[in-house]
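Please look over the sequence and the model shown here before reading on.

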Amino acid sequence: MKPVKALVAICLFGSQTVLADNVEERAWPVTSLLVPNPFQVNPAAIPTDRTIIGGLRLVRTEESRYLINPNNNTPAQIKHTTNKKDVGLAFQIPLGGAAFGLSGNEHSRQISGKSDQRNSEAFEEFWVRDYKMKFVVDLLPELRGAFTFRYQSHQADLLGGYGVGNDDRTRYKGTMSGYSLGVNYRVQNVSIGAFTAPPLRGKATIEGEQKIISDPGMGGLELGLTYSDRLSLGLSVLKWSYKHDDRDEDATSPEDQRDIFLRGVEIDQYFRKTLAIGIGAEFAILPVVGIKGSITRQDGVFLFDPTRVPGDNKDVETKVTSNELRVGGFIRNKQFFAELVLLKASKSKDEVRVRRNGVNAIGSYEHDDSSNVVVLGAVF
């Protein structure tokens, strides 16, 4: 298969996106015992006896470079850059042995891709608006439980392939909903938490056709130790789960009826996170100023088969492991807090198995990303 045709073919494979479209996971600080960050992956993490309000801004830049069919005489060199941005608000208020919370987040993703076989550049945009309503209850003096209802709206403006022109762009909207459950047990200075958030499910109308869409689910365990008023330690484990999505199937463009892929041209959509294990610490240098950091081992797989999800058949998966480093600082007093966390991560693989639509492999895959998260808030 010629490189250009191979490139178009690979943009048509089925998969489920790497993004869980969950701001709490993207801004995951691993531990937040000294600073009451309201954007927690476990909905039961915040005690019910306080009012907490916070705002978040996250900016992330990712870049990937790779070869299509590296063993051919004329492989195609691909490069794409992705810019992501989150803006979110969250609050929780006490209700006497219980608490009620709301949060909202807007996530935007812009992809710019280029093949050395094409003079033009592919540009695509995706938006997600995510809303959550949370109820937290003190089941016992040491035990809290939480239920969260979640609603999401999606919007996309895409090409779906490097060979598709701007006059033949595809645009669609969709909605999804789901829930999450969490518990937190605290005895003295040790807290243990667990939560589960099954995959979201919903519908989208794409070129007059109703499609069932989904987003990955996530569950986790958390262990925290408040060693003193100035030092906390944390261990967190996150695990992702997936369901089939009709956007994984081949589609056609609205005008010329060219083959397109409704996930877009970004190759990292085929990388599915499976497991993350992070350890972190917070240390108050002064009563109002401190530092924090964490390191996370991130496991995932590249999977190009539209009929399978991770774990169905390891023979068609390529496992990739990487490390994520987060460092930052915080300011706090009795009511107000501010937190800044920076992230750096990279992963690479000599060869990624594909074996679909005439494409045998992706070679020399390299991916780098960096982000910064700012959280401002108050506790009363």
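Helices and strands are here taken as DSSP runs, at least four residues long for a helix and at least two for a strand, and they are numbered from the N terminus. With that numbering, in this predicted model, asparagine 69 is found in the loop between S1 and S2. Asparagine 69 has a positive phi of about 45°, although it is not a glycine, and with a relative accessible area of 4% this residue counts as buried, since buried means under 20%. Serine 364, which lies in strand S18, likewise has a positive phi, near 50°, in a residue other than glycine, but at 45% relative accessibility serine 364 counts as partly exposed.

Serine 364 is also one of the residues touched by tyrosine 66, whose contacts beyond four places in sequence include Ala76, Ile78, Tyr162, Val265, Ile267 and Ile362 as well.

Not counting residues up to four places away in sequence, valine 375 touches Asn37, Pro38, Phe39, Gly55, Leu56, Phe337, Ala338 and Glu339. Glycine 220 is 155 residues from valine 375 along the chain, and the C-alpha atoms of the two are separated by 22 Å.

S7 runs antiparallel to S6, and seven bridges join the two strands, with glycine 182 standing opposite phenylalanine 195 in S7. The hairpin of S6 and S7 has two residues between the strands, and in this hairpin glutamine 188 takes a positive phi near 55°. S7 also pairs in the antiparallel sense with strand S10, residues 217-226, over eight bridges, and in S10 the bridge partner of glycine 193 is glutamate 222. In strand S6, serine 180 is buried, with a relative accessible area of 12%. Leaving aside neighbours within four places in sequence, serine 180 is in contact with Thr196 and Ala197, and also with Pro43, Ala146, Phe147 and Thr148.

What remains is the space between the atoms. Rolling a probe the size of a water molecule over the atoms shows where empty space is left. The count comes to seven cavities of 30 Å³ or more, and about 350 Å³ of space lies in the largest cavity. Of the 29 residues that line the largest cavity, Glu24, Gln40, Pro43, Lys132 and Thr148 are the closest to its centre, while S2, strand S3 (98-115), S4, S5, S6 and S7 are the elements that give two or more residues to the lining. By class, the lining of the largest cavity divides into 16 nonpolar, nine polar and four charged residues.

The largest pocket has a volume of about 800 Å³, and among the 40 residues that line it, Leu33, Ala45, Pro47, Arg144 and Arg186 are the closest to its centre. Elements that give two or more residues to the lining of the largest pocket include S6, S7, S10 and strand S11 (231-241), and the largest share, four residues, comes from S10. The lining of the largest pocket has 18 nonpolar, 13 polar and nine charged residues.

About 210 Å³ of space lies in the second largest pocket, whose lining includes Lys239, Trp240, Ser241, Thr274, Val301 and Pro310. S11 gives the most to the lining of the second largest pocket, with three residues, and by class this lining has five nonpolar, three polar and three charged residues.

Key:
Residues numbered from 1 in each chain as written. Predicted model: local features only at pLDDT ≥ 70, side-chain atom pairs only at ≥ 80, totals over all residues. Heavy atoms only, no water. Contact = heavy atoms within 4.5 Å. Pairing = 2+ DSSP bridges. 1 Å grid on protein atoms, 1.4 Å probe; cavity = no way out; pocket = protein on both sides within 12 Å on 5 of 7 lines; lining within 4 Å. Points joined across faces, edges and corners; volume = space filled by probe spheres on them. Nonpolar A, V, L, I, M, F, W, Y, C, P; charged D, E, K, R; others polar. Buried < 20%, exposed > 50% of the residue type's maximum accessible area, 1.4 Å probe, protein only.
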